[in-house]
Amino acid sequence: MKKRKERIDRGIKARSGDVFTLCSWREMLYLALPRLLPIIVFLLLPPLLSVYWQKVFISLAVFALLAISWDLLAQSGMISLGQALFFGMGAYLSGIADHYFGLTPLVAIPLASILGGAASTLLLLPVLRLRGIYFSMVTLVIPLMLVRIIEATRIFGGTEGLTGMTPLPSKWVELYLVIIVLLCLLFGFRRMMASDYGLVLKGICDNDRSVTNAGINIYWFKAQALFLASTVGAFSGACMTHVYLFTGMPVFALDYSILPIAAAVVGGPGSFAGATLGAAILVPLSELLRGIGGLRIVFYGIFLVVFIVALPEGIFHYIQRKYHQFERWVEVE
Amino acid sequence: MFIGTIIYAVINSFILIMLAMGFNLTFGISGVANFAYGALYVLSAYTSWILLNLLKMPYLLSVMISILLTALLGGLIYRLVLVRVRGQALSEVIATFGIGLAIVELFSYFGLVGFEYTLPVFIDHSFLIAGTYVDAQRLFIVGIGLVLVLGLWLFTHHTSIGLAFRGIAQDERTALTFGIDSDRIATLSMSLGAGLAAIAATIIFPLGSIAPAEGYDVLIKALAVCIIGGLGSSGGVIVAGFVIGFAERFTDTYIGSHWTMIISLMAILLVLVIKPSGLFGKQKELEERI
């Protein structure tokens with residue numbers, strides 16, 4: 001007598017494709033709960049935390065933004081190993097705007113996001129036609145190169161970096177600016193990927209040749225996705241500059257490339273919620289593990305390998321499946 | 001000065017060729033871009049250092065053991081991790097990168113950053129060549145480099161396993177119909193690549209310090225040489241090794257040592273932008289790239 005596991009979609013899930021069938025509070029709550037949960041947690045939790053954990057929460061949101069931007073690139077067929085490029089661009093540009101031009105943070109941050117996004121896109125534009133690991137190599141190399149150039153030419157404070165930035169106007173702006181942008185992007189990008197525009201991006205990831213054959217200029221779409229992702233990355237960098245009140249070579253460090261990838265892989269690539277969930281798990285975890293110092297990065301490395309091999313779909317997709325499906329063992333005749 | 005620079009540039013080129021050979025071999029045969037390559041290099045340097053200085057083993061034995069261990073680890077990485085994600089570029093890159101990250105950061109966690117080491121005896125000489133003193137270790141590097149290049153050529157062209165390697169590299173499906181076990185060959189290529197990294201490490205590390213961060217530098221240098229030569233092309237590695245080797249040494253002498261790494265990085269970018277297949281890449285590989 002053999003048994004097999006049977007998975008059946010919950011009826012409500014099957015019907016929710018057509019919204020009109022929803023007629024009870026229970027059903028509506030069932031569908032809304034997963035969407036409401038992050039909103040409630042992200043908006044209500046921070047004021048309850050101590051000042052130290054509020055800072056952790058900000059860096060959680062920042063890493064979640066980076067992870068989302070990584071995920072957007074990955075979904076458009078560009079595997080980036082250098083989110084630090086976007087992060088660093090934003091951080092440096094915002095630092096420069098503040099230090100040399102004396103702009104207030106609320107002007108400097110949007111400016112640095114747009115300019116940083118544009119600059120990163122321009123840097124990567126010539127290599128957009130590369131695919132797979134070749135694109136990864138380039139993205140791995142560029143932040144390293146920028147660090148060396150800053151070191152060699154001693155521009156923008158050289159190895160010392162720029163200090164004495166203007167802080168954001170108030171603690172609440174500092175806290176909620178990143179969180180609100182994160183929530184908007186979390187739901188906005190999801191909507192975007194579900195639209196026709198997102199379909200083209202996913203198509204480029206699956207088979208760029210056939211998208212080209214459909215008469216679509218894939219480089220134009222890739223450049224747009226790259227600009228969106230790098231603007232998000234630059235925004236997170238710019239915010240961090242005004243939280244830490246410092247910009248320097250560490251903004252191009254490997255941490256800012258690895259943690260977002262780790263977050264997206266652990267949480268589940270291919271859905272922005274997964275990337276956010278991954279960041280929400282890894283950042284507080286790494287804060288708790290601060291005592292073990294450099295060993296944290298070893299754990300990220302191991303996490304990456306274990307998740308890639310054992311649970312390639314990531315935690316989010318696993319939870320999602322459990323939420324939407326009944327599972328039971330049935331006998332095979 | 002000028003002749004000295006040239007001599008050192010030649011030596012530097014051989015160092016780069018040795019660094020890149022293993023990466024190139026693994027990529028050329030199994031198509032796996034081993035981002036843990038630099039980490040394996042550092043790992044074997046540390047292993048041989050520990051065997052040599054802490055366990056007081058004889059030099060040759062410790063080098064042999066560290067090369068064997070690294071080669072074994074390379075094979076294990078393929079068997080345990082890569083076999084499950086083969087063919088998915090994203091997963092391969094992330095998995096090998098994760099392994100490399102774990103190894104390198106583990107060493108820096110143990111604080112093995114820059115320490116005294118005793119050098120094996122044969123490097124305590126130096127020879128006067130055309131008015132420049134060159135120590136024996138550097139000549140030894142050139143010698144081993146030549147032997148490795150020749151040995152690898154003989155291996156891939158005149159042994160049955162080597163021919164199987166090339167068969168898999170050229171057309172995996174056809175090779176499979178001839179009864180070549182592609183997974184076995186890929187495992188072998190991975191461990192051979194790791195072994196070559198270990199050979200390079202044990203020979204090169206007595207020249208300077210070993211530091212965990214070297215892992216990333218070695219990876220970048222190997223990438224630079226392979227990309228410029230054309231990934232998977234063995235002739236390209238040699239030419240590109242000389243190109244970058246000379247460029248690096250001359251920038252070091254005439255511009256400043258800060259700029260040497262920038263040269264490799266710039267070279268990677270320029271080649272990928274202008275001619276993604278590299279100097280000696282094949283058209284087939286070009287199609288995979290763009």
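Predicted model: local features only at pLDDT ≥ 70, side-chain atom pairs only at ≥ 80, totals over all residues.
1. Start with chain B. Its secondary structure consists of 12 helices and two strands. Read from the N terminus, the order is α-α-α-α-β-β-α-α-α-α-α-α-α-α.

2. Staying with chain B, 55% of its 290 residues count as buried. Its accessible surface is about 12200 Å², and carbon and sulfur atoms make up 69% of that. When contacts between residues at least 6 apart in sequence are considered, 76% connect residues at least 24 apart.

3. Next, have a look at the second largest pocket, which holds about 1100 Å³ of space. Its lining has 32 residues, with Pro34(A), Arg35(A), Ala273(A), Phe316(A) and Gln320(A) the closest to the centre. The lining comprises 19 nonpolar, seven polar and six charged residues.

4. Glu327(A) sits in strand 4 and Arg7(A) in strand 1 of chain A, 320 residues apart. Glu327(A) also bridges to Lys322(A), with the closest N and O atoms 2.7 Å apart. Through shared partners, Lys5(A), Arg7(A), Lys322(A) and Glu327(A) form one network.

5. Which residue of chain A meets Asp217(B) in a salt bridge? The partner is Arg148(A), at 3.1 Å, N to O. Because Asp217(B) lies in helix 9 of chain B and Arg148(A) in helix 6 of chain A, this pair joins two chains. Asp217(B) is partly exposed, at 24% relative accessible area, and Arg148(A) is partly exposed at 24%.

Conventions:
Residues numbered from 1 in each chain as written. Chains lettered and ligands numbered in written order. Heavy atoms only, no water. Helix = DSSP H or I, 4+ residues; strand = E, 2+ residues; numbered from the N terminus. Buried < 20%, exposed > 50% of the residue type's maximum accessible area, 1.4 Å probe, protein only. Contact = heavy atoms within 4.5 Å. Areas by Shrake-Rupley, 256 points an atom, 1.4 Å probe, with all protein chains shown as cover. 1 Å grid on protein atoms, 1.4 Å probe; cavity = no way out; pocket = protein on both sides within 12 Å on 5 of 7 lines; lining within 4 Å. Points joined across faces, edges and corners; volume = space filled by probe spheres on them. Nonpolar A, V, L, I, M, F, W, Y, C, P; charged D, E, K, R; others polar. Salt bridge = Lys/Arg side-chain N within 4 Å of Asp/Glu carboxyl O.
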